[in-house]
Every structure is written in structure tokens, then in C-alpha cells.
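Here are a few friendly notes to read alongside the model. Please keep the viewer open as you go through them.

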Amino acid sequence: LTNFFSVLSGRDKLNQNNFNNEKEEKLFNELINYNWLRIESALVNFIETKIIISRKKYLKYPILDMGCGDGLYTSILFGAELNKNYDAYESIDFNEADIYNFYKKIPNDILKSKPAPIGFGLDIRKNSVKKARDLKVYDQVKAGDFRKMPFKKNSVNCVFSNAIDDIKESDLPIVFNEVNRVLKKGRYFIFTAPAKNFRKYLLYYNKALKYKKQNDRLNYSLYLKLDRGRSEWAPRSQVFWDDVLKKNSFELVEYIEYGNKNLFEFWDTGFRPFFYYLMNLRNILREQKLYLPFKKVFLELIKGHILKYTENQVVRNGAFAVVVAKKIN
């Protein structure tokens, strides 16, 4: 309790030092409320979302949310307020290879307020599409492959995606050609992607490499398992994207790197190793009607410790980048 009240008493000072305005603070609170069991992901999403929101002039309706998932993150990006009784984990099954690829109807009151109009959603996972439709924030949500999108030519004013990291280099020309097809001339493609320093900032992957050099196969295998495939995301530089864009009738408008080594080492670890146990605790709290009070106290306690990770995160040698491209033909 002493720690809890010390955090509360220092809250105004923390807000003044870490947030530029009330909207920014609200965004931070929304994202940690949404992703409170994976607070490291909430922090990275906060930095990313701040960058994207500051470039709202590119986000013209109708937008195609390419890789929309269940639509909750994009809803927050576009100003929705999440009901604090809910979070990002309403539909999870640990028996699935992809624990989020499971359908359970999203509660009707999951959003306290709706986002600004978005447009269309697209995801390859049919269960995610069902959940995004339940949310009722898109004009239309379709299941489909990025390489052959089920939308008409010149049908959207913007394409937004934070799922480019999963696309293999051999597929990029096909995907970018499809983005060009559905996007109106002179409009924008905004996406996030691992930057050239991405792998250098990962904790588990670099520990695995160290043990590999020492011929310690046991620890090499252990840390590579903890990496969980993140190191398979290809680091791509500004020069790389400039070349890809030019070949597909786009021009690079902005390239903004973000996330220093400290943030991404925390992102690579954080609460991730304990997620299964935290989910069990969450479910027990739900059963005992203690979910909301526990979450409120937990988030107040942790804010003072995590806010330091949000400072000065738009950096030249960041782990990730927001890329803004304009269709020219």
C-alpha cells in the first residue's frame, strides 16, 4: 500500500514529464488497460501509435486495415475507448498453435465509445475476421490473403498495416502490387516493420548466438526456444524500403525509426514467459469478481516503473520503423 500511494502521489509529476497532453496520456492508459498482461507490448504500441496519430493527415477514410486481427488495436488507434472490464484476452485458447486464432464472440459492450470511421478490415485468419465483425467498427471485414486482396481497384484512400513483418521478401513485390491496385493514386500506404537494428536489440536471440559460439547446445536451444521466432522477422533498412517502393510505383514520404535497445530487450522478455500463469490468474479474478479492482491497483503500481521506457523513443537507430509511402502511378 505504501508503494501504491507513493505512485499515486507522484502521478501528476510523472504525467507532466512523460506526456505532451491529455490525449497522449489517455492513449497510454487505453493501451496498458488493453494489454495489461503483456505490458511490454503495450509500451511498444504506445510509441508506434503516437507516431502514426501525429501523421493523421495520411489516414483518410476509407482505410484498409491490412491484417486487422480482432480490430481492437486499430479501434484504439482511431480513438475508441475500451470498457475497463475487458482486455485483449477475451478470446484465447492455449491449445491452439496460435493462441489468438480462436473464436469466442466479443462482448457487445467491449467498447465504451466507438472509433472514428475506419473503412475495411482484412485478415487471413477467419476467427479474427469473425471477431472483427462482432466489433462493428468496420464497414466490411473480409478474410483473405495479402497477395490477392478481395477489394476493388482504386477502392481505398489509405492502406494501414502492422503485419508486414510476417511477409517473406519473395512475397513483398506481390503484396505491394496488390496494395497499389486497391489504393487510389496519390494516396498513402502506412506500415510498420523491423528496422536494420531489430535483431541486435533482441535479448533471447543474442544470448542464443553467444551460447552457439561457445558450443553450448543446451543453452543455445533453450534461448532460441524463448525467442519464439521473433528473430525470423527480417530487419529491413530505409534503403531496402526505398527500393521496394520505387519498383512498385510508390515513393517514400517518411521513414521514422523508434525503440531503443532497452525498450526492445524489455519487449522481448517482459511478462511473456509468465503469460500462461497470468491468464490463469486473470480468469480466477473474473470468477471471484475481483478482476477490475485488481487491474486498477496493478496498473497504478506499475505505471511509475514503466513510464521511463516511453521517453525519447523516436531514435535514428531504432528497432522498428513506421514507413509512409505515396502511390504515384
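1. A word on terms before we start: helices (H or I, at least four residues) and strands (E, at least two) are DSSP runs, numbered from the N terminus. The expected span of a helix is 1.5 Å times one less than its number of residues. The model is predicted, with local features needing pLDDT of at least 70 and side-chain atom pairs pLDDT 80 or more, while totals for chains, interfaces and linings use all residues. Residues are numbered from 1 along each chain as its sequence is written, and side-chain values use heavy atoms, leaving out hydrogens and water.

2. The chain holds 13 helices and 9 strands. Its radius of gyration (over C-alpha atoms) is 20 Å, close to the 20 Å from the globule rule (2.2 Å times the number of residues to the power 0.38) for 329 residues, so the chain is as compact as a globular protein of that length.

3. Of the 329 residues, 52% are buried, meaning under 20% relative accessible area with a 1.4 Å probe, protein chains only.

4. Helix H4 (residues 39-53) has 15 residues and reaches 20 Å from first C-alpha to last, close to the expected 21 Å. Because 13 of its 15 residues are buried, H4 is largely enclosed by the rest of the structure.

5. Do look at Arg236, in the loop between helix H9 (217-227) and helix H10 (238-247). Arg236 counts as buried, at 5% relative accessibility. Beyond neighbours within four places in sequence, its contacts (heavy atoms within 4.5 Å) include Glu169, Trp241 and Tyr255.

Notes:
Buried < 20%, exposed > 50% of the residue type's maximum accessible area, 1.4 Å probe, protein only.
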